Amino acid sequence: MHPTDEALLALTHGELERAAAEVVRAHCAGCASCAARAAAARTEDGEIGRLLGLLDHPVPRLPVPAGRGAARRGRSAALAASLALLVAGAAAAAVPGTSLNRWLRSRLDGAPPTAPRTAPPAPTPVPSGPAQAASGVELRTSRSLVIAFAAPEPDGVMAATRTDRADAAFRAYGGAVAYQVGNGRISVNNRQPARRYTLEVPAELTDLTVTVAGRVVFHSTARPMPADSAVAIPLSADPGR
């Protein structure tokens, strides 16, 4: 078993009993990791001693003049000494890896001085779901409807489905799409294409026309829409695709 930091520090200070000290020295002689820890403990202890040694000198005795000025100067000297002690203590505590630094961090973290700090748990990744509709529009329609796309989309597809709803619902997934609606027509400005669109139409709709850049790519009279499945309509402006 590797010796603890407290044991290595006690060995540095000569505070271990002879038998325990021999055990720790023997272990460090055969363990490079613990030998490095022992050397680091000696270095840290020397650094703390050097910092505290800056304060280890007698305070000069000054004659105490009579009057309020003497009391004020006495308070200034005491304040200066307190500040010097505070700075030295802060400097020692700020040295990474020192015993004082580890003790202070253990008090702040609420863990034992030798307990390793555990990393915070990694954030749980949020599962990615289906793409959300970037935009959409609904239009009350009766028997006929025209969907007019402003520009071709080589990889774009619109899925058209008959439903029991009373109006037509058009949705774009992604991109930046704008609409103009009126008189049984939905004009789609797809200059920034979404590539995937859906269209739900009432079951009684008999005439659906889809145009791309002014060219008809789908008409329900030439390609009837089934009642139980969607029709995939390519938006490449090529009716034969």
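I'll take a helix, then a sheet, then the salt bridges.

Ground rules before that. This is a predicted model, where local features need pLDDT of at least 70, side-chain atom pairs count only at pLDDT 80 or more, and totals for chains, interfaces and linings use all residues. Residues are numbered from 1 along each chain as its sequence is written, and side-chain values use heavy atoms, with hydrogens and water left out.

Helix α1 covers residues 5-13. Helices here are DSSP runs of H or I with at least four residues, strands are runs of E with at least two, and numbering goes from the N terminus. Within α1, Ala7, Leu8, Leu9, Ala10 and Leu11 are buried. Buried means under 20% relative accessible area, exposed means over 50%, and partly exposed is in between, with a 1.4 Å probe and protein chains only. Just after α1 comes Gly14, with a positive phi of about 70 degrees.

Now the sheet. It is open, with five strands in the order β1-β4-β7-β3-β10 and mixed pairing. Two strands pair if DSSP finds at least two bridges between them. At the edges sit β1 (135-140) and β10 (231-234), each pairing on one side only. Look at β1 and β4, residues 167-173: they run antiparallel, joined by six bridges. Gly136 stands opposite Arg171 in β4.

On to the salt bridges. The count for the structure is seven. The criterion is a side-chain nitrogen of Lys or Arg within 4 Å of a carboxyl oxygen of Asp or Glu.

What does Glu138 meet in a salt bridge at 3.3 Å, N to O? The side chain of Arg165. Glu138 lies in strand β1 and Arg165 in the loop between β3 (157-163) and β4, so this pair ties together parts 27 residues apart in sequence. Glu138 is partly exposed at 41% relative accessible area. Arg165 is partly exposed too, at 23%.

Glu138 also meets Arg171, at 3.2 Å, N to O. That pair links β1 to β4, with the two residues 33 apart. Arg171 is partly exposed, at 25% relative accessibility. Glu138, Arg165, Asp167, Arg171 and Glu200 are linked in a network of salt bridges.

One more pair: Asp155 and Arg195, with the closest N and O atoms 3.9 Å apart. Asp155 is in the loop between β2 (144-149) and β3, and Arg195 in the loop between β6 (185-192) and β7 (196-202), so the bridge ties together parts 40 residues apart in sequence. Asp155 is exposed at 51%. Arg195 is exposed at 52%.

That's my tour. Over to you.
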